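Please examine the model below with its charged side chains and its backbone in view.

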Protein chains: 2
Amino acid sequence: MDEKPIIENLSIDCVIFGFDEGKLKALLIKRNTDPCKGMMSLPGGFVYVDEDLIHAPARRLHDLTGLKDVFLREIGVFGKIDRYPLRRVITIGYYALIKISDYNIHVGEDAQEVQWVSVNELPELPFDHAEIFDEALIKLRKHVRYEPIGYNLLPEKFTITQLQTLYEAILNKQIDNRNFRKKLAKIGFLNDLKEKQKNVSHRAANLYSFDKVKYETLVEKGYTFDF
Amino acid sequence: MDEKPIIENLSIDCVIFGFDEGKLKALLIKRNTDPCKGMMSLPGGFVYVDEDLIHAPARRLHDLTGLKDVFLREIGVFGKIDRYPLRRVITIGYYALIKISDYNIHVGEDAQEVQWVSVNELPELPFDHAEIFDEALIKLRKHVRYEPIGYNLLPEKFTITQLQTLYEAILNKQIDNRNFRKKLAKIGFLNDLKEKQKNVSHRAANLYSFDKVKYETLVEKGYTFDF
DNA sequence: TCAAAAGTGTTGTCGCTACACCCATGT
DNA sequence: ACATGGGTGTAGCGACAACACTTTTGA
């Protein structure tokens, strides 16, 4: 374990979203220390005195999943006076979007029991983690309407139907397939890979990838999106 | 001065918006301690160990303006490692909306030289205050599109034209007067006070007030606004 | 009667929603 | 040939933007 000096009264907590089996899921860990030892909770940690704040959740993500350069957004600050029982700790919430297919349990010194849980079936969470989680989902739903960040949750190559299922899972509503395709076509930040699915027992779907460059130019022109 | 224990590595900073002479303004203070003594900066402060986080900016606002129950929203967290030269301090930014007519320089123990500055004519600011300010304006512009928070910047009784001028100042663009009135009429969260302006050398405008109750019921129905 | 701001309707365009059928592929 | 999901077009409606003149009031 490292012994770098930490900021005593400040922590970070992460809501790590993944998409699997058509469901939006979050990664929880089993707490191995008191308070609330044994409960499933959001992964969190403290901030080193000599690291940028944003580095702390990125580091935690890396320890936990082996992933780098993860999509990370601030949820907000949670600063109620009694939110943490041992001492005064204010926490900054972040949410992360990861490709669940890339994820591997990282068996390092920090290895902990972890679990992907559907966001509709969360267990009771300790401290104010339920509040942090709710806020994460609100923020994600808001962001996903204005920026095409969903691709962070999908494999490199994906089908339109996968993308639609993802949006339906995030927004928790049905979307009309034809309208969804029309909107995507009009906006046009997908690369048609001219490739098909394989080994499916029905008509094979076309594969696409997200085109960052096209997207950037659209943003400059002031586009917004809304599914 | 009070000697309550503070959290050493955490501060708050406030962007205080007001509306005057048709312009959106921010309240700056002259720093009376080093570093950057003498520079105009955002008012900020530290958080007591035994207060809720949100109480810290509310307290600072009260000290500075004499106002309570001010409209306050989180801007975000600013945690770069070298943002504050003396030691490691992470700051939480807030913006406040106040009725500039209610404001009085509070001449207490904390009295400092303060100044309302048009947001288009800000001086150079210390540390990362310029970044905090920019983010505040971005957040305000975003929020004002979805919630009618603008009334927090106006007197209790106001005219449609005042409201429009305010939106023009915030969004920094011209708005068509007829369309603006139509939208307001359709949304309908204004109380027609059946009163007129007095002592104006032209046709007197009707006065309105913001109706919180009507607004709450609209929010429940899932309305959005966009000017 | 003039100056200055208040207040009022209509039309065209664009974007969204709703909706049903044929296609390709593997078993 | 059948089961399964892939992929396509149109019509109606509502929301928004553009636009100019008349009204009221005090000086």
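D128(B) is buried, with a relative accessible area of 10%, in this predicted model. Its salt-bridge partner is R83(B), and the closest N and O atoms of the two side chains are 2.7 Å apart. D128(B) belongs to the loop between β7 (114-118) and α2 of chain B, whereas R83(B) belongs to the loop between β5 and β6 of chain B, so the pair ties together parts that are 45 residues apart in sequence. R83(B) is likewise buried, at a relative accessible area of 7%. Both residues fall under the 20% relative accessible area that marks a buried residue. In chain A, salt bridges with shared partners join D13(A), R83(A) and D128(A) into one network.

A second pair in chain B involves E131(B) and K80(B), which form a salt bridge with their closest N and O atoms 3.5 Å apart. Here E131(B) lies in helix α2 (residues 129-146) of chain B and K80(B) in the loop between β5 (71-78) and β6 (90-97) of chain B, so this pair ties together parts that are 51 residues apart in sequence. As for solvent, E131(B) counts as partly exposed at 39% relative accessibility, and K80(B) counts as partly exposed at 45%.

E135(A) forms a salt bridge with K139(A), and their closest N and O atoms are 3.8 Å apart. Why are E135(A) and K139(A) separated by about one helical turn? The two residues are four positions apart in helix α2 (residues 129-146) of chain A, and this spacing accounts for the separation of about one helical turn. E135(A) is partly exposed, with a relative accessible area of 28%, and K139(A) is also partly exposed, at 22% relative accessibility. Side chains of opposite charge can pair when their charged atoms come close. Over all chains, the structure holds 22 salt bridges. Chain A carries 33 positive and 34 negative side chains, and the centres of these two sets lie 9 Å apart.

The next topic is the fold of chain A. It contains five helices and nine strands, and from the N terminus on its elements follow the order β-β-β-β-α-β-β-β-α-α-α-β-β-α. The radius of gyration of chain A is 19 Å, close to the 17 Å that the globule rule gives for 227 residues, so chain A is as compact as a globular protein of that length. Along its principal axes, the C-alpha trace of chain A spans about 55 × 40 × 30 Å. Among contacts in chain A with a separation of 6 or more, 68% come from residues 24 or more positions apart. Of the 227 residues of chain A, 48% count as buried. The accessible surface of chain A comes to about 11,900 Å², with 49% of it belonging to carbon and sulfur atoms.

Helix α1 (residues 55-65) of chain A shows how residues of one helix are covered. What are its buried residues? They are A56(A), P57(A), R59(A), R60(A), L61(A), L64(A) and T65(A). The cover over the buried residues of α1(A) includes strands β1 (6-20), β2 (23-30), β4 (44-48), β5 (71-78), β6 (90-97) and β7 (114-118) of chain A. Just after α1(A), G66(A) takes a positive phi of about 75°.

Other backbone features occur in loops. E21(A), in the loop between β1 and β2 of chain A, has a positive phi of about 55° although it is not a glycine. E21(A) is exposed, with a relative accessible area of 64%. In chain B, N199(B) is another residue other than glycine with a positive phi, near 55°. N199(B) is found in the loop between β8 (190-196) and β9 (206-210) of chain B, and at 85% relative accessibility N199(B) counts as exposed.

Cis peptide bonds complete the account. In chain A, the bond from D34(A) to P35(A) is cis, with omega near -5°, and P35(A) is found in the loop between β2 and β3 (40-41) of that chain. In chain B, the peptide bond from D34(B) to P35(B) is cis, with omega near -5°. P35(B) has its place in the loop between β2 (23-30) and β3 (40-41) of chain B.

Methods. Residues numbered from 1 in each chain as written. Chains lettered and ligands numbered in written order. Predicted model: local features only at pLDDT ≥ 70, side-chain atom pairs only at ≥ 80, totals over all residues. Heavy atoms only, no water. Rg over C-alpha atoms; globule rule 2.2 N^0.38 Å. Buried < 20%, exposed > 50% of the residue type's maximum accessible area, 1.4 Å probe, protein only. Contact = heavy atoms within 4.5 Å. Areas by Shrake-Rupley, 256 points an atom, 1.4 Å probe, with all protein chains shown as cover. Lys, Arg positive; Asp, Glu negative; His and termini not counted. Charge placed at Lys NZ, Arg CZ, Asp CG, Glu CD. Salt bridge = Lys/Arg side-chain N within 4 Å of Asp/Glu carboxyl O.
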